[in-house]
Amino acid sequence: FNEQLANCRTDYFDFYLVHSVHESSWSNYVKYHAYDQLNELRKAGKIKRLGFSFHGSAEQLAEILAAGDWDFVQLQLNYFDWDYQQSRKKYELCAAAGLQVIVMEPVRGGMLNTLCPEAASLLHQAAPEKSLASWAIRWVASLPNVLCVLSGMTTLEQVQDNVASMDPFIPLSTTEQDTLARALDVFEAQKLAPCTACKYCMPCPAGVNIPGMLHAWNEYRLCGDRLATLKEEYEDAPAATRAEHCIKCGACLPKCPQHIDIRSMMSTICDTL
């Protein structure tokens, strides 16, 4: 903590969080009394607001909220995960506890900026001048208990688009909410692997490029089950990194924040080919 203060050339942090809490990591935070130590730093004025970023179940979130006097929670929130990953329940737990939410993955690693052609067409028809990402940003920013939306951006154009989506900020209307719900129904029918390419699952003990293989699967699904697309993506990957080398060891499973059954997905890719 002192090294971090020195590196940032500051005497205190406005917001300080316990990183990436999930089922397997929380036990270590408890074992080493992380909350107790950070709470003392908060009392000393070194931390103004103390929170945690969370990737676990709603049940575990309730347990952690009860374990300390937190100031905020950082959650993965977007319109795709609202029901898929219990995001609604997690958000409601935070609201009931009086905690504001900092949002991560509002565009789900860029996935909600691509969608499938049919879903994208619905949104473009409703608002030709708006990007798909802007729908996702405005959806999550429309939630009343959201403090801040963290969006990953890699180009100047993405920065400009995100700024335009929020300045001036106009919450989604009821009509826009209905349009987005229809687009989501179409998109969910594609049976995608909900991978954000965070690479927490890597490195694979068998050398499989897990995010690369899941990307190949999603490209195949988004192209309307064009097997040639999957075959091309698969064969473009180095031979040693392909799904066929998965040894079903399960080392990747507890590391995946999206709770993807990676072993089954590797089998599905191979069976499909």
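This dialogue reads a few features of a predicted model.

Reader: What ground rules apply to the numbering and the model?

Author: Residues are numbered from 1 along each chain as its sequence is written. The model is predicted: local features need pLDDT of at least 70, side-chain atom pairs count only at pLDDT 80 or more, totals for chains, interfaces and linings use all residues, and side-chain values use heavy atoms, with hydrogens and water left out.

Reader: In what order do the strands form the sheet?

Author: Strands of a sheet pair through backbone hydrogen bonds, either parallel or antiparallel. Here 5 strands form an open sheet, ordered β1-β2-β3-β4-β5, with parallel pairing. Strands are DSSP runs of E, at least two residues; helices are runs of H or I, at least four; both are numbered from the N terminus. Two strands pair if DSSP finds at least two bridges between them. β1 and β5 (146–149) stand at the edges with a single partner strand each, so one side of each lacks a neighbour in the sheet. Strand β4 (residues 100–104) is joined to β5 by 3 bridges. I102 stands opposite C148 in β5.

Reader: How does α3 sit on the sheet?

Author: α3 packs on it, touching β1 and β2, and its direction makes about 150 degrees with that of β2. Contact means heavy atoms within 4.5 Å. Axes are lines fitted to C-alpha atoms, for helices over the stretch in contact; angles run from 0 to 180 degrees between N-to-C directions.

Reader: Which residues of α3 are buried?

Author: An α-helix has 3.6 residues a turn, so residues three or four places apart point the same way. In α3 (residues 34–43), A34, Y35, L38, N39 and R42 are buried. Buried means under 20% relative accessible area, exposed over 50%, partly exposed in between (1.4 Å probe, protein chains only). Seen down the axis of α3, its buried residues fall within an arc of 120 degrees, so they line one face of the helix. That arc is taken from the directions from the helix axis to the C-beta atoms.

Reader: How many aromatic pairs are there?

Author: Rings of Phe, Tyr and Trp (its six-membered ring) pair if their centres lie within 6.5 Å; planes under 30 degrees apart are stacked, over 60 edge-to-face, the rest tilted. The count comes to 13 aromatic pairs. F1 and F13 form an edge-to-face pair: 5.6 Å centre to centre, 85 degrees between the planes. F1 is partly exposed at 24%; F13 is buried at 13%. Y35, F52, F54 and W70 form one aromatic cluster.
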